Structure formats: C-alpha cells, structure tokens
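Me: I have a structure open on my screen and would like to go through the terms used to describe it. Could you take my questions one at a time?

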Amino acid sequence: MRTDTGQVFRLEDYRPSDYLIPLTGLTFRLSPDGTSVVSELTVERRSGSTENPPLVLDGDGLVLKRVEIDGTSLDPAAYESTPDRLTIKTPPATQQFRVLIETEIAPSKNQALMGLYRSNNVYCTQCEAEGFRRITYFLDRPDILSVYTVRIEARRDEAPLLLANGNPVERGDLADGWHYAIWHDPFPKPSYLFALVAGDLGRVADSFVTVSGREVELGIYVEHGKERLAAYAMDALKRSMRWDEEVFGREYDLDVFNIVAVSDFNMGAMENKGLNIFNDKYVLADEETATDTDFANIEAIIAHEYFHNWTGNRITCRDWFQLCLKEGLTVFRDHEFSADQRSRSVKRIAEVRTLRAHQFPEDQGPLAHPVRPRRYREINNFYTATVYEKGSEVVRMIRTILGKATFRKGMDLYFERHDGEAATIEDFLKVFEDVSGRDLSQFALWYHQAGTPNVTVAASHDASSQQFTLEIEQSVPPTPSESRKRVMHIPLAFGLVGPDGKDIAYDSVEGATVEDDVLHLHKRRHTVRFSGVKERPAISLNRGFSAPITLSIEQSAQDQYFLARHDSDAFSRWQAFNTLLTETLISAFRQSRGGKPIEFSTDLLELAGTIAADETLEHAFRALALTLPSEADIAREAASNIDPDAILAGREALMAAIAQANADLFTKLYHDLSSDGAFSPDAASAGRRALRNVLLDYLSTLPNGAALAATHFAEATNMTDRAAALTVLAHRHIDTPEAKEALTGFEARYRSDALVMDKWFQIQASAPGAGTVDRVKKLTTHPAFALANPNRVRSLIGTFATLNQTGFHRADGAGYEFFVETVLSVEKRNPQVAARLATALRSWRSLEPRRQAKAREALVTISRAENLSADLRDIVERTLA
Ligand code: 0A1
Ligand code: ZN
C-alpha cells in the first residue's frame, strides 16, 4: 500500500519527459507467488535534445532482479533502485538505446486489485491510472505512447487461455506442461491501457463485419458454465460497434476484440486496447438473475468501454488532469447510444436524476473540483461524477451551442487532427472553434470552474404592450480554493407555453441571444424582452436539461401544474411535476419535524393519478414521474439542518396519501399491467414492469400491503419483479412474517450466486430505520459476504452509507461508528475502494447539529488512523477542510 507522501500534483507543472519509449517488449512467466516480468524497452531521446539526463522510471512496490543496457548488465553504481523508482544515472549518449529490466511480482498477494492480480484463480490486470508501475519500472504516464509486443508463459493446466492487447501472433508449447502466446498491438498506447489475462475461462464467440468489410473476431470470456449469461452483452457490443460507425463514423481497427469478466474489480470496467476487462456484474445477465436496470447498465457500459477505442485509446490524454477529455466525451457517447437504443426522453430524465444524485452533492460540498482539475494528491480519487457526468454535460452543451451538424464536423476534425496523440481539453475545444468560427473561451469555464451555477428567473407580462419579460441572474457559489467565480456561458433551451399547451410564437426578442429556441446567457444579469406576446405564457426553461445548473424560478403553482400536464418537452414536463413533489416533500419534512400534522394538496394527489393513467405517456415516463424524490434528493434540496427521520416520515406520508387518493385507479392499473407474455429486456417491456413496480410500492402502503407484496414476490417470473417486491417487504414491512419468509426464500434460492446475493445485501442495507445498523453488522459475517471483494463491500456497506439516510445517520452515531471500523479494515486491503466509500460522509455539514458533530468525529477518527493510505487521507482531509 502506498502511504501518503503528501505530494501535490499541479497542472501547471506539466513537462514533457526527457525520453520516449517507442517500443516495449514484455515477457511474463506467470506464477501466483512469483511472476517474472522481463521488460525490453527501446528508449529514445526526445528529438532535439542533445543531453542525456538520468532516465527516471516509475515503480510501485517492485522487486528488481536485473537491469541491462544494450545487452550488457548494468554496473550497480550506474543506477539507483527503490521499490518506487529506478534511476539510470547516465544513459548512453546515443539517440536510441535498449533497456532490459526484470522484476518479480506476486499476483496472489495483490489485494489492492491494481497491477497484476488474481481473481478466482484468473490472472488479470488493472493499470489505469498508475497500476502499470506495480508490474514493471516504466515512464508510467499517459503521454508515453509505445507499441507493445507481449509474450505470456504459463502452465497450460492453470491457464489454458492467454490474452493480451492487440492481435494474436503466435502460440505454442514449452517444456514441463507450460505454454506461451505472443500478442502484438500495432497502435501506440499509453501504459494504462496495457492488459493481460490468463486462466481457465469459458468463451462466447461471435464476429462483426466493419463498414469497410473487415471481419473482427469477438470474444467474451466468463467463468465456465456462465456463457449463456453473456448473450446480452455480446448483442450490446455488436450494436455499439454499428452505432459508432453510423453516428460518429468510427470503425474498429484490430482483428479481434475481447472482453473478460472478472469478479474482483475496483470499478465498472476498463477499456484496455482490444481487451476490455469488466466487473462481471456488467456482463452477466438473464431474466432470472438480473433486473432491467442491470440490463440497461450492461448495455451502457459495454458501449462505453467500446467507444473508448476512439475516445481514449486512439486519442488519449496528455496527463491525468485531462481525464475528462476521454471520460466526459465517452459518457456523452454512451448516453447518446442508449438514447438511440431506448427512449430518448426517458433516458434524459434518468441521466439528470443520476447527475443530481451524485454530481450535485459533490459540486456543492467539500470535494468539489472543476471538470478539469488543476491539482490532485491521488488521481484515483478523481474518477468522479464531476469528471464523468458533468464532463458529459459539457460536451452536450457544445453540441447544443454549435448544432448537431457542426458538432459532428468538430468531432471529425478532432479524430483527424489528433489520432495517435495524447491531447488536452484545449485541443478539444479548438476543433470546435475551428469548425464553427466561434470563440469558446467563456464557455471553457465549464471545464475550469467548479460549482453548480444557479440561475434565478422572474417573469412578467404586460398585456398592453404585449411584452413578456424575464429578469435573469446567474451566480456560481464558492467552492474549495475558488472563492470568486467568473460569469459563465449558459445555454438555456426554452419555450413560451400558451394556453393550449403549444409553444407560442413571438415577434422579436432583445436582451440576450436566442438561437434555435436556446437562450444564451453570457452576462451576470439579463433582462430578456419578448415582444408580440398577447397572452401571458407559462415559461418552460432549461428544456432537456440543456445546462447542468440549478434553477430558481418564481412561478405560480398554477403554472407548475399547467406545465406538468402540458409542456411539449417531456423532460420539462417531468421536471415540473418533480418540482411540485420536491416542494411538497420539503414542507412535509418541516411539518413532521415541527410535530405538525402533514397535509397535502388534493390537486397534487389527483395529478399523480392523472399521470399514472395517461395512455399518451410511455410507461417508463410515468414510472419515473411517480417515483418520489429520494430521501437524499429531499435532503439536498432542503440544503441544511437535515434530520433524515423527519424527511422519511414526510415522504412516507406523501406515498400513503397518493396511494389512498388513487387506490382504485392504481389497483386497476397494477392488475392491467401484469405480464402475460415471455420476458424481453427491451425498453418498452422494462417500462411496463417499472410502472407496475412503482404502483406496487404505493399500494403496499395501504391495508394488506404486505400480502400484496408477498403475492407479487411469489408470482414474479423475473428478477426485476422479485427484487421490487422484496424491497417493498424489507423496507416497509420488515417485521411481518411475509418479509421474513421472502428474505429467507431469496437467500435459499440464490445462496451460491454472488451477484444476486449482492441484491439481497443491498435491499437489506437500504431498509430505513434504526434497526438496520445491527442487521448490516450481522450481515458482514454472512458466508456470502467478503471484505476483499469490492462488489460485496459496495452492496452492503456502500449501500448502507449512501442509500440509507435514517440508518447511516442514526442520531446516536452508531451508523458512523460501524462505518469507520469497516472503512479502515477495507483500507488495509484496498485503499481505492475504502476512499470511495468514505465519500459517503461528504455532505456532513448539511446535517442538524447533533448528527453533524458525530459525523465530524467519525472523519477525525479516520484521519488519525495509523499508516493511512494516500487515497483515504486525501478524501478525509478534503472532506474536513
Ligand atoms: N477508464 C475506466 C474506469 C476505470 C478507472 C480506474 C480503474 O482502476 C481501478 C478502473 C476503471 C472507465 O471509464 O470505464
Ligand atoms: Zn470511461
């Protein structure tokens, strides 16, 4: 484990390296406890340089066996080596020279899951961001692009399958039951994209013919016996490959494309060139074991990693500050892919919900950072919702500003101009400036400035002059180390909605630029006047969530109801209803805390029924509209002095009130939606299930709710319905015999399926109430739980800390105490996973004073632990600062 050196990396300190490594040869002789790695590097002085400064290579915990230069062993006085660095003091003065380095590593002891490790007896690697240096000494930075040839040797019985990046070149037998394979990747790549897999796995094979007629062999490797579960992932892969050709003009470039599913993985998946490695959770699925959400995630992540082949691999990042160059752009691409494969408006609503749930609290708390950060202590902690999700929103805004056709021209120019390079955000913005002739310097603040901008709007109408006026003001709140903010370019898509629900035309507009129904804010304040507006319209703003901002708009309840019923933009229609719900829930929270009876407007309760029954709306849309803001959503919107118990009470009261007001309607709809046909994971079928399961949630608040959920559980023919019913039972009826029976039944049925058991852990860990802490503690001793496996830790501990507001933030601090203990034991094995867990405490300052003090104590306890890793120290200290 790397302990903290306290070093801070700064963007402005970037310097090109003195040396390049055009060619890299690697030979692995695999053994669990002692793998030998021989690396043969062709090192070149950067052109123009006449000096030969020391060659300083990165390492991390390495054991050096030998070093040679140009075929001769190096005199020990000529180099210095530590586990973390190899310095060759005076390299040859020639333009090029060869360095041979042998290291020895122990994959079986690697619990951090970075570098070369073992998962279920399969050797696999994870090198992003700085894992390659745990394998061999190297210039482990993304601007060093090298052509790799890799030879893998292993015992044939232990590892019949030998994979690396690129194309297969040769394979054969060796003495004593060993064999070898050689792989060559012709595309120069950074070390973080290196990958190797060796083991005994089952293979699902297919092929894809690219637009220019080249045949690509596709392989997905999974645990033997699970091949059938990779069918959906394979289908998603082929659809992704076709889509990238059609929509972005990007063709695949190697003869093979392989995906390997492993069960121990720190993140979702990794885009290693030609050899993607996946958390098996994002590959394996069938109706019996996976929910509709799992299917959608698999489709999105398969696409995401595949799309990286162009945005990330062919064009990579100059340094880690540019992470959003590949991640924000690739998330944007996978969002667009899913929108095309499914329902665009439903997908957009889901994206915004995710952004608000994960990125907004980050941007509004102590861990806020710009989409392109300027400094970091531990790069692993910057794989954040800001870099990924807000990064994607920024690319979406570029498209909104330029229009689809010019955006595509810019992308084409980006691929043409930077293919084979390690690029920067400036390079990316420049292509769009070049194709559009626009100046994007103010827009670039979206990359440089942290914080969620707030836009306040007041509207007024003057019938006599037929003028409709918007007073608009923007502000960006201060964030850590950025107290003063500059004015941003905010593109707001809008419509003026007339009494018939149609957008009304206006004669002219002054006070801001309007292009294609987008209002461009460039100044702190705008007075925007629309003329020729006879009747007062309802203003629909930030349609499609055109800018990732918060909007405070003075709007009558009447207008909000009107927009929730009639806005022609599906996102804004959803938003209008969601705002009504949120405002209601915030006042319910305040009433509940004040011990007052909670009352709701009958208009709202009725509108819920109208939306549920509106056949002109997609099922999935209705399901999303009827899903009440989560307790965390309510806490975020209420902003301060948070008492999770009162929030829960208010939310439960609204659930029950909506259910009571619509009991007959919901019951009828619920029954009408029961499925008759065979299972299909497509979006429309998933939408029906989603709506029916939301209705179940409501109906379970009524008398006999537990019995209804128990029947739903017993009759379920797929995991989506089964998990939904189990959630209702465990969350709302935990003390009933029905809940106990369902939990035990589920456990008995899926005991040996780790990924399904994760759902069982998740459902219990998110059950609200004071009793959950003890239940979760007890579950850590369950045979299916393992602290060493990131998926298990995330489903039990991560879910408890992020989705269980009342349990985790229990007023007596018991939730935090358990959490601190667990985070510190996870950290001993896997600092990266521990650091990510610890971000669950980032919003501690918004709690009411008593909980706030306990949460702070918890953070301080972690910060005082001995030998804290760089990963965890970085998170905890920034959270406390
Ligand atoms: N580049 C990957 C994410 C990723 C990052 C770090 C990892 O190390 C443990 C693994 C994966 C992606 O965007 O999918
Ligand atoms: Zn990515």
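This is a predicted model: local features need pLDDT of at least 70, side-chain atom pairs count only at pLDDT 80 or more; totals for chains, interfaces and linings use all residues.

Me: Why is Leu113 called buried?
Reply: A residue is buried if 20 or more other C-beta atoms lie within 10 Å of its own, exposed if 12 or fewer, and partly exposed in between, with C-beta atoms placed from the backbone. Leu113 has 24 other C-beta atoms within 10 Å, so it is buried.

Me: Where do Leu113, Asn867 and Phe248 lie?
Reply: Helices (H or I, at least four residues) and strands (E, at least two) are DSSP runs, numbered from the N terminus. Leu113 is in the loop between strand E9 (96-105) and strand E10 (115-119). Asn867 belongs to the loop between H26 and H27, and Phe248 is part of helix H1 (residues 231-248).

Me: What makes the backbone of Leu113 and Asn867 worth a look?
Reply: Most residues other than glycine have a negative phi, and most peptide bonds are trans. Leu113 is not a glycine, yet its phi is positive, about 60°. Asn867, also not a glycine, has a positive phi of about 50°. Ala639, which follows H13, has a positive phi too, near 75°.

Me: Which peptide bond is cis?
Reply: The one from Glu128 to Ala129, with omega near -5°. Ala129 sits in the loop between strand E11 (122-126) and strand E12 (146-155).

Me: How do you know that the span of H11 is close to the expected one?
Reply: The expected span of a helix is 1.5 Å times one less than its number of residues. With 12 residues, H11 (residues 602-613) reaches 17 Å from its first C-alpha to its last, close to the 16 Å expected. Helix H26 (residues 849-864), with 16 residues, reaches 23 Å, close to the expected 22 Å.

Me: How do you know that the buried residues of H26 line one face?
Reply: The buried residues of H26 are Arg851, Lys854, Ala855, Ala858, Leu859 and Ile862. Seen down the axis, they fall within an arc of 140°, so they line one face of the helix; the arc is that of the directions from the helix axis to the C-beta atoms. An α-helix has 3.6 residues a turn, so residues three or four places apart point the same way. On the other side of H26, Pro849, Arg850, Val860 and Arg864 are exposed.

Me: What covers the buried residues of H26?
Reply: Two residues are in contact if their C-beta atoms, placed from the backbone, lie within 7 Å. The cover includes helix H24 (814-829), helix H25 (831-838) and helix H27 (870-880).

Me: Why is helix H13 called largely enclosed?
Reply: Of the 8 residues of H13 (residues 631-638), 6 are buried, so the rest of the structure largely encloses this helix. The buried residues are Glu631, Ala632, Asp633, Ile634, Ala635 and Arg636.

Me: What surrounds ligand 1?
Reply: A residue is near a molecule if its C-beta atom, placed from the backbone, lies within 6 Å of it. The shell includes Gln126, Glu128, His304, Glu305, Glu327 and Tyr383. Strand E20 (269-270) and helix H2 (292-307) are the elements that give two or more residues to this shell.

Me: Which residues does UniProt list for the Ig-like fold?
Reply: An unreviewed UniProt entry places "domain: Peptidase M1 alanyl aminopeptidase Ig-like fold" at residues 451-552. UniProt positions are given in the numbering used here, feature names are shortened, and annotations may be inferred rather than shown by experiment. In the model, residues 451-552 are 0% helix and 49% strand.

Conventions: Residues are numbered from 1 along each chain as its sequence is written. Chains are lettered from A and ligands numbered from 1 in the order in which they are written.
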